[in-house]
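Here are my notes on the model below. Please read them with the structure open.

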Amino acid sequence: MTKVTMTVNGKTVSKEVEGRTLLSAMLREQLNLTGTHIGCDTSQCGACVVHVNGEAVKSCTMFAAEADGAEVKTIEGMANADGSLSTIQAAFQEHHGLQCGFCTPGMVMSAAALLKDNPKPSEAEVREYLEGNLCRCTGYHNIVKAIMAASGQDVPAVAAE
Amino acid sequence: MPKDGGIGASSKRREDLRFLTGKGKYTDDINLRDQTYAYFIRSDVAHGTINSIDISAAMKMPGVERVFTASDFEGVGGVPCGWQVTDRHGQPMQEPKHPVLAEGKVRHVGDPIAVVVADSLAEARDAAEQVEIDITELPAVLNMKDALNDGATKVHDDLTSNLCYDWGFVEENRDAVDAAIKGAHHVTTLELKNNRLVANPMEPRVAVADFDSSTDEYTLYTTSQNPHVIRLLMGAFVLGIPEHKLRVVAPDVGGGFGAKIYHYAEEAFCTFAAKQIGRPVKWTSSRSEAFMSDAHGRDHVTKIELALDKDGKFLALRTDTHANMGAYLSTFAPSIPTWLHGTLMAGNYTTPLIYVNVKAVFTNTVPVDAYRGAGRPEATFQLERVVDKAAREMGIDPVELRRKNFITEFPYATPVAVEYDTGDYHATMDKLLELSDHAGFEARAATSKANGKLRGFGIAHYIEACGIAPSNLVGQLGARAGLYESATVRVNATGSISVMTGSHSHGQGHETSFAQVVAEMIGIDESQIDIVHGDTAKTPMGMGTYGSRSIAVGGSAMVRATEKIINKARKIAAHLMEASEADIELKDGQFTVAGTDKSVAWGDVTLAAYVPHNYPLEDIEPGLEETAFYDPANFTYPSGAYGCEVEVDPETGKVTVLGFTAADDFGNIINPMIVEGQVHGGLAQGIGQAMIENCAYDDDGQLLSGSYMDYAMPRADDLPMFTVDHSSVTPCTHNPLGVKGCGEAGAIGSPPALVNAVVDALQRAGHDVTHIDMPLSPDRVWAAMNS
Ligand code: FES
Ligand code: FES
């Protein structure tokens, strides 16, 4: 067991973890941040994406100990300070970018990372960036629309209804 | 003007707020005090005899509570099958036992043999390494046709063969169909496969079970599309727990697509073990485990023959299908290639004579059951492929050949035992051609050609049957369950409403769309209405969500219950206003006396029901709560025209889907935004099937596509933006909302449209290619072009 300390959604937390404990497991099981989901065991679905020091990371690919000292942000930390939905979250609701909601936390975290690096992505760039995020419900159509809308671009112009 | 609430409005989904902020409560988010973790040890061979299982070393490992094997399940029933099919000769299907843990033999890779229950998952997994299992491997039964040969290795020693049933439909038509095909001007024949798929909801299955020894009550939290069905099957058939001592909760569920309908061994295991060890037991499937334990879908091999006269009128249709059941019969498996497949073989056409033969076969593979569309995609695929092939053979335009044979008069009784109530197939076809700019195709094809690419356009017109019913009929057909739905509408004193529905949402948005219906009926704000689902302790006995049945059956039950509420509320309002009940009108949440300005608000009436001071107590009871069970008179029949435009790279065989258009008739629509989302998702799964998805076994029965490294899931950059339309509306004639259901259409209509498009592209380029089996991988397409 080693002790790790990190900032999660702005709060400092310290936990004892085993060397093999994944960041995703620590978030879900020790911090009860169950918005980070586990959809696979081969690092391919992206349901577990969080931000570590501002970068999108699949939290199932990182040991908790590796995040010692890091700043971690999860879906639970994405809403505005007053609890209202952030721009990206609101766009997902507005454009029906989610159905069962299981891929959604990872999608929102990936979308946020994309728009930070590329504030006005093309439709093709959005699709390419989401390569590591699987969704079985939406066919991605409305996810792409939501992300385009969140970037302030004209959705009808890029997406046929 | 789009409405901003009620029926027909694209109301934003209220459930999104919790899903978007990480507050959804999925089964794996549930942790009970002092819970243990179950780790399943599964067969790594397809077929074998278990000689011995030694658990002694594992029992001594740290944290281990207990190790279970089949011997712990003596006296426990097998996992039951919910549908008995009768074969061509009037005999019941062969139905093997499906034990919770393998008894003496393993029959597919993933078959559970033993389970370690420990304080932590890591400890359970470590201890599992110490369980010694000695298995003698047997030859694996994989190819369905070989499996039926005399002397073939048997999957189940106690059955007479690997044949589950040989089903003929309609058996009396057999000779007439043969004769019609023999004498026809033209017969088009096609042999094809409907590739095996894995449903892959993004949330893997999970079960958490608890037993309260003070009350003898069990609680099972599970990732299910139908918690009441699980309670019934597991309680009555497997564990012998009476329903009042068993609560099944399916909280937020992360997608189902059929794979979460069935009762699975892991649910029974956790529930059983929780009592045995006196602690809660949790099992969370890994994705690799899901690939070898979730029921698979499709896997049909078919020969289809279509007879036509010289003008292209369809005369007769004959099909011969082998359907893979896998190693055991999953809950609804026998019904999929039969009643959900044979009954759809008329499609949208007036074909007068149809005969469908299906041989269901046991193999050493994971059980196969319903996956989005269930039987109907298989029917549509073969029919729409053979119609396209016939059009090309006879030199008739594929659109025209379809139009020539469309059913235009309703109700229409097909020769395969169903009656379509409404439809307008020309309307959806027109819409498709318009939206896909069919007229401009030749110009686009010329551009592609100039760029060295082959462009093609493919069409499919599908018929769907949703809301399977009525119960007395499905009972005759072998269903061991009813197929009604239920709803309780509980009006609170201040006028807010809780609707307890037997339907279950695992992405479909019922919390929003169901509330829209009740809001419209009463004329109050949607926010006043809560939809409660997924808990047998809270909702009346209901059959759950599959087969696009929620709004057509569950929605109808809710309408009936709400009508009862309104009738009673009207009586109360009449009393309050000292008027005759016949004169009371309800509009916008106000009861008025017709022709006067007298009115009482909804909230005054509901308050009176619970504070009955001024109340007709001699005529009606206090309170305002009603339940309805709705058993539909017929299926509903959505239909639609789907069109796909592709470009094929002749150098590599790579297919690019340039555009996909879906023009559907779903009857009336409650929430267009949600409906469009359902179609998008279905299209992605259908395009996935046609382009990249494939569940493959090697010759030894090893599962080759056992993870996301080998099973290709459609990703965002595999798909185009879709064009979807639902403006063609012929309302269902037999349910109160006139709705038909939209959940599966996308997955049904899209595979044949896509394959037709690729064949079109190749034929236009002069290749003599009439069919390519799915998925249309570059190597297959290239090989077809270069053979
Ligand atoms: S759970 Fe991390 S990528 Fe799938
Ligand atoms: S919304 Fe269900 S997996 Fe994406």
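1. Chain B and chain A bury about 4300 Å² between them, with 57% of it on carbon and sulfur atoms. Buried area here is the accessible area (1.4 Å probe) that two parts lose on being put together, summed over both. In chain B, B:Leu20, B:Met202 and B:Met721 lose the most area to chain A, together 19% of what that side buries.

2. A word on the basis. This is a predicted model, in which local features need pLDDT of at least 70 and side-chain atom pairs count only at pLDDT 80 or more, while totals for chains, interfaces and linings use all residues. Residues are numbered from 1 along each chain as its sequence is written, chains are lettered from A and ligands numbered from 1 in the order in which they are written, and side-chain values use heavy atoms, with hydrogens and water left out.

3. Chain B gives 55 residues to the contact and chain A gives 49 residues; contact means heavy atoms within 4.5 Å. The rule finds four salt bridges across this interface. A salt bridge needs a side-chain nitrogen of Lys or Arg within 4 Å of a carboxyl oxygen of Asp or Glu. B:Glu693 and A:Arg136 are joined by a salt bridge between their side chains (2.7 Å, N to O).

4. Now a helix pair in chain B. The axes of H10(B) (residues 398–405) and H11(B) (residues 425–435) come within 11 Å and cross at roughly 165°. That makes H10(B) roughly antiparallel to H11(B) (angles over 145 degrees). Helices are DSSP runs (H or I, at least four residues), numbered from the N terminus. Axes are lines fitted to C-alpha atoms over the stretch in contact, and angles run from 0 to 180 degrees between N-to-C directions. From H10(B), B:Val399, B:Arg402 and B:Arg403 meet B:His426, B:Met429, B:Asp430 and B:Leu433 of H11(B). These contact residues divide into three nonpolar, one polar and three charged.

5. H2(A) (residues 87–94) and H5(A) (residues 141–150) pack at about 140°, with axes 8 Å apart. H2(A) and H5(A) are therefore oblique to each other. A:Thr87, A:Ile88, A:Ala91 and A:Phe92 of H2(A) meet A:Ile143, A:Ala146, A:Ile147 and A:Ala150 of H5(A). This contact has seven nonpolar residues, one polar and no charged.

6. Finally, B:Ala180 lies in helix H5 (residues 174–182) of chain B. Leaving out residues up to four places away in sequence, B:Ala180 touches B:Ala307, B:Ala316 and B:Leu353. The C-alpha atoms of B:Ala180 and B:Leu353 are separated by 8.1 Å, although these residues are 173 residues apart along the chain.

Terms used: Helix = DSSP H or I, 4+ residues; strand = E, 2+ residues; numbered from the N terminus. Parallel < 35°, antiparallel > 145°, perpendicular 65-115°, else oblique. Nonpolar A, V, L, I, M, F, W, Y, C, P; charged D, E, K, R; others polar.
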